[in-house]
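These entries record what I looked up in the structure, element by element. I kept each entry brief.

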Amino acid sequence: RETVESVKRQEGKVFIGDINRNLSEYLRSEIVPDIYFRIGETVFHFLIDEFQDTSPVQWRNLFPLIENSLAQKGSAFVVGDTKQAIYGFRNADYTIMKKCESENPFPSAEHIIRELETNYRSLHRILEFNERIFKEIVAANDEYNAAGERSGLTGYVQKVRDGRESPGYSEVVILQRDDEDPPERKKVGELIEELGRRGYSYGDIAVLTARNEGAIRITGWLNEKDIPFISYSSLDIRRRKVTGEIVSLLNFLDSPTDDLSFASFILGEIFGRVLLRRGGGDRRQLSEVIFRNRGRRPLYKAFRNDFEDLWGEYFSELFRSAGYLPLYDIVSEAFNVFSVFDLIAGEEAALVKILEVVKDFEGEGHNSLRDFLAFAGDESSEQEWNMEVPKGENAVKVMTVHKAKGLEFPVVIVLLYEEGKRGFDYIVQEDDEGVRLLKINKETMGSDPVFEELYGNAVLREKVNRLNSMYVGFTRPGEELYVIGVKGTGKGYPFDILGEQVFPPSPKPEGKQAVAPEKPGQFAICHRHIRTEFPAGPDEMISIEERRRGEFIHRVFSFVEYAADGFEGRLAAIVKRVREETGVLYNDEEIEEVVLAAVEHDELREFFIRRAGREVKTEQEFADRGGNLFRMDRVVLDEARVTVIDYKTGHDRTARDKHSAQVRSYMRILGSIYPGKRVEGIIAYIDLREIARLA
């Protein structure tokens, strides 16, 4: 926890979860007027939507603010439906709203309750169906009636909006589970085809299921029948093949020794289409090169030798530019090099979204390819990668019930699978002393009345969540509802409530007047694949290979404090450690030779010897007067002298003036930190085996 908090402070980040907690802690010690003074505004009127999804900490934070506004003739207007409380897993607590209904939490203010009795979405047959399920069957069911009563499912009132004459339609079909040949697959397809014959378009239909796995199966079935669909469970573009190939390419550019990423890209669809456009003759040879060079690293060098023309045309510039170009530029340049918008035209939305994500990532102050790849692998960042659902698309919508909350569709097909009774991984006990996680099951709960109460409450919450989820799914349609139940033993949920006798198949309504979906205006999309020119000099455009080697050598030097007897043995261990740490492969003997030559150089040797009063700092950051940080390779502190040593790798001699200016700035900073000491600077050209001294 301390490490996370430290990193958050360093990067200037606040987690969403921190906001409520920090505000709660602040409210304990401060009065409300002081809070308004600090934000420069006083809030007199509060409007809260989806109030049933309020968490306890949110309510504790809001309570004093609302109380203060009501004391000053303000108001609080809350809207919610406890029957739709399905976010308990996010710590939402619908009982807050239930308690506010039954008793006024603010005694000094007027307390007015209004129940919306008119349903503006659904036709009569759908409302009748839900009343039969919840107000009759659930209310009479000994196992579920307490849960239904608690959330309000057994006592609500809803009427059809005036002027709606069509009765609508509801139906329940129960099928026996068959994993080899799922009968629900055929039933869903038949329903969609039948609805089409009666005038409904694909865009009028939604298929809902409890879990993402179910949504994925449904999309597979629709795909088999060539039924167009939009899966709300696969809007995350990282699930798409083209995104995976782009990420593989970026992984390779960031780490050229990542053979798996390089092979994944050159054997993928994007590069395959590149080869097809060139005649397609190299595809088989690619596979042969990969298999022939298994175990020989890195793979890209074998590719470069065997396919020099392909490397030069498609990879050379990207490889050379990866450590130089800003993040957005390297990604857009990769798009240009491989003409992805032309070759993978059907994935344009995903490709554009990749660029949007990169732009937003840069906008937050990040510009590291490696940081972006870590962000791409973070499963918690789903929202940032989701594509917008195209409006007006004539396609069946497939989603979970949780995704459907708040939405409506003319026709809804709800697919329910039997669920057995299961225990709890843990049960939370919270009181004034703190929070505990308890492992309680049916057998152990009887050992203590407290355990029994905790277990009973957890079971009740689970039943409420199940019933509410069912209610949300059953109230999404406006005109027609089809419930397809797939049962095993028939004794688990929802078949302990639901049966075909509830609403059996009956004559369907007359055909709906088919309305042609509105076609979007036609327009041409033009992507200009113009390669970027980089007028950078050789001192600026260092190759990625040379840069990585320089970073490797600097990392080795960071572990070298003194070079006393036995140093060669320690140096071999250091090189091995850096190799394992970075995953970069270099010839160990060559690296050791370069480092040894430096520490034994006539003009450097004295700075690697242990002396009385001497202190050595490697890779140490120092701040100038403006608070800017500068990381220095090696600083040697003696009683009367400070020496800063800066390592330079490579064989380029053209940037020496720039190097001297850099080290002189280090010397000025050290002079202000260590007044009274003589400051010297040394530039060590490691590969050239030359030394430049500055005084």
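**Strand β16.** I began with strand β16, residues 678–685, and found it mostly covered, with 7 of its 8 residues buried. The model is predicted, and I read every entry here with that in mind. I then looked up the pairing of β16: 8 bridges join it to strand β15 (residues 641–648), and the two run parallel.

**The open sheet.** In what order do the 6 strands of the open sheet lie? I read the order as β5-β12-β9-β6-β8-β7, with parallel pairing. The edges are β5 (169–176) and β7 (229–231), each of which pairs on one side only. From one strand to the next I noted an average twist of 20°. Within this sheet I checked β6 (residues 205–209) against β8 (residues 396–400): 4 bridges join these parallel strands. Leu208 stands opposite Met399 in β8.

**Helices on the sheet.** I next looked for helices lying across these strands. Helix α9, residues 212–224, lies across β6, β7, β8 and β9 (409–417), and it runs at about 160° to β8. Helix α6, residues 124–140, lies across β5 and β12 (477–487), at about 40° to β12.

**Helix α6 in detail.** I checked the length of α6: its 17 residues reach 23 Å from first C-alpha to last, close to the 24 Å expected at 1.5 Å a residue. Where does α6 bend? I located a bend of about 25° at Glu131. I listed the buried residues of α6 as Ile126, Leu127, Phe129, Asn130, Ile133, Phe134, Ile137 and Val138. The elements covering these buried residues include β3 (118–119), α7 (145–151), β4 (159–160) and α22 (449–474), as well as β5 and β12.

In soluble globular proteins, nonpolar side chains tend to be buried together. The largest nonpolar core has 56 residues, and Phe271, Phe303, Phe315 and Phe338 touch the most other members. Helix α18 (residues 348–363) gives the most to this core, namely 7 residues. For Phe271 I recorded contacts with Phe265, Ile266, Leu286, Phe303, Leu310, Tyr314, Phe315 and Phe338, not counting residues up to four places away in sequence. Another core, of 45 residues, lies apart from that one; Tyr144, Tyr156, Leu481 and Ile497 are among its members.

**Ser469.** I placed Ser469 in helix α22. Is Ser469 buried or exposed? I count Ser469 as buried because its relative accessibility is 15%, and the cut-off for buried is under 20%. Not counting residues up to four places away in sequence, Ser469 touches Ile86, Val401 and His402.

**Thr444.** I found Thr444 in the loop between β11 (434–438) and α22. Leaving aside neighbours within four places in sequence, Thr444 is in contact with Lys439 and Phe451. Finally I checked Thr444 against Ala692, 248 residues apart along the chain: 76 Å separates their C-alpha atoms.

How values were computed:
Residues are numbered from 1 along each chain as its sequence is written. This is a predicted model: local features need pLDDT of at least 70, side-chain atom pairs count only at pLDDT 80 or more; totals for chains, interfaces and linings use all residues. Side-chain values use heavy atoms; hydrogens and water are left out. Two strands pair if DSSP finds at least two bridges between them. Axes are lines fitted to C-alpha atoms, for helices over the stretch in contact, and angles run from 0 to 180 degrees between N-to-C directions. Contact means heavy atoms within 4.5 Å. The expected span of a helix is 1.5 Å times one less than its number of residues. The bend at a residue is the angle between axes fitted to the seven residues ending there and the seven starting there. Buried means under 20% relative accessible area, exposed over 50%, partly exposed in between (1.4 Å probe, protein chains only). A nonpolar core is a set of buried Ala, Val, Leu, Ile, Met, Phe, Trp, Tyr and Cys residues joined through side-chain atoms within 4.5 Å.
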